[in-house]
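Colleague: Please take a close look at one part of this model, the open sheet and its surroundings, and tell me what can be said about it.

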Amino acid sequence: MQIRAPFSRRASAGAGLVLLYADNYEQFRPAYPVLEQGSILGRDPAADVSVPTRSASRHHARIERRDDVWLLTDLGGRNGTICNGAFVREVPIAHLDEIRVGDAIFKFVERDIESYARYRIDGAYLEAPGSPEGLRRFSMGRIVGGYQTRRLAGSLYEIAHSELSVLIRGESGTGKEIFAQQLHDWSGRRGPFLAVNCAAIPAALVEGELFGHRRGAFSGADRDRAGILRAAHQGTLFLDEIGDMPAEAQAKLLRVIQSKEITPLGSTQPERVDVRIVAATHRDLDKLQQTGAFRADLFARLNEHSVTLPPLRERKEDMFLLCTALAARHGRSEVRPSMACMAALLHHEFPYNVRELEALLKRWAAADRGVELGVQDLSDSIRERMKTYGARGAAPAGPLAEDPRATVYPEYEDAPSEEGAAAPGGPLPPRTTPEESVLRDLLARHQGNVAAVARVLGRDRVQVHRWMRRYNLKADAFRG
């Protein structure tokens with residue numbers, strides 16, 4: 001397949017719109033560059049960002065760069081323009097902000113737009129002229145996703161046949177074990193793939209579980225027991241939540257990686273073992289090293305190759321493909337999300353990432369009500385967030401309509417001002433933005449819990465995340 005139109009050389013370096021969903025997504029390009037001097041979005045085929053849906057006006061909205069700020073302007077179309085779930089006239093936009101024009105939903109990115117352009121939301125790869133042969137043949141196996149996910153998977157594929165230890169970072173539920181399993185599949189190692197959650201094993205039992213023990217090594221050890229490392233011989237051992245491993249076990253694991261030997265509890269004779277270690281954590285290992293809770297030498301051994309998986313809220317272009325893949329995983333080979341359902345999924349933050357989305361699809365598959373995934377199949381938390389999707393002023397929002405064109409999308413009331421301050425102990429005044437120091441203090445006080453900060457400020461979590469991106473703040477930096 002060929003990408004239908006080349007990118008203009010006039011486009012800003014890497015900035016553009018990535019399609020997140022449209023019912024007729026096959027008629028869209030996966031990504032569109034935007035021009036600093038201004039790009040028109042609309043139904044007109046000659047528009048810079050052509051939106052082939054009847055719910056869009058011919059000239060619907062404009063994106064331009066003005067005084068080093070990207071601006072989204074509604075051009076007076078009958079259905080209006082929505083940014084991050086709110087109806088807007090003119091508003092500054094930042095990396096990952098979501099924009100809805102008619103029945104098409106995009107996200108704005110400040111870089112890499114050319115790379116996004118090869119991946120359609122249903123997983124189809126649009127081959128560009130001159131694509132490397134290896135890239136065309138590369139299969140991700142059990143890993144699901146587009147550009148961002150494929151880039152990370154490709155870095156693991158390249159080192160799969162090596163002996164390098166791998167560290168996979170990312171929030172809970174982002175798919176760290178799936179990546180580890182696929183790495184094992186690519187490696188061709190003859191032994192098994194075994195996984196252990198270091199946080200789930202009591203500290204007193206970690207060494208016995210990992211290294212095994214000899215009969216009589218401790219009270220209750222009435223027989224020899226091979227540990228997980230021995231069981232994973234010639235295979236791959238996935239150590240999840242490695243940041244919670246006790247210090248003494250860290251020292252012994254370091255020796256295993258260095259010497260390829262294990263010494264079971266109660267034994268004086270080391271045993272040779274061939275195991276590839278893949279570790280994962282959602283914790284800040286750099287901070288744990290500074291406090292002495294994690295060994296720097298072990299980190300160096302585990303970090304021979306590392307990847308950081310993005311949270312689902314940062315790769316929402318994968319949402320539709322994940323829905324179809326997860327439905328198939330739970331016995332439903334066909335799923336057809338409604339437009340209103342996809343709008344709700346894309347508006348939701350997914351604090352528990354892909355794991356939360358899988359739980360939703362698992363419930364839908366069990367209900368067996370047909371192929372459509374509708375609003376009635378969403379969780380209470382997602383439906384609750386949609387009550388304020390596009391609300392006009394203080395008017396109460398009605399039930400989420402199945403036909404989004406029948407929905408009254410309200411005026412945006414939470415536009416950030418250029419300057420503002422928040423009282424650390426209470427809600428923000430209307431149309432104010434907290435200063436960076438205030439947001440830092442709140443994140444530190446609540447240990448990176450964005451939901452708690454949002455409650456204090458009287459704002460939605462999505463708005464808090466936008467402010468965090470503006471100040472380049474990461475929630476993980478404030479977690480213990």
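Modeller: Strands E6 (residues 69-74) and E9 run antiparallel and are joined by 4 bridges. Helices (H or I, at least four residues) and strands (E, at least two) are DSSP runs, numbered from the N terminus. Two strands pair if DSSP finds at least two bridges between them. Within this pair, Thr73 stands opposite Glu90 of E9.

This is a predicted model, in which local features need pLDDT of at least 70 and side-chain atom pairs count only at pLDDT 80 or more, whereas totals for chains, interfaces and linings use all residues. Residues are numbered from 1 along each chain as its sequence is written, and side-chain values use heavy atoms, with hydrogens and water left out.

E6 and E9 belong to an open sheet of 5 strands with mixed pairing, in the order E4-E3-E5-E6-E9. Its edge strands are E4 (49-50) and E9 (90-93), each of which pairs on one side only.

Asp67 is in the loop between strand E5 (61-66) and E6. Its phi is positive, about 55°, although Asp67 is not a glycine. Asp67 counts as exposed because its relative accessibility is 72%; exposed means over 50% relative accessible area, buried under 20%, and partly exposed in between (1.4 Å probe, protein chains only). Gly16 counts as buried because its relative accessibility is 0%. Contact means heavy atoms within 4.5 Å. Leaving aside residues up to four places away in sequence, Gly16 touches Tyr32, Pro33, Val34, Lys107, Phe108, Val109 and Ile113. Of these, Val109 is 93 residues from Gly16 in sequence, with a C-alpha to C-alpha distance of 5.5 Å.
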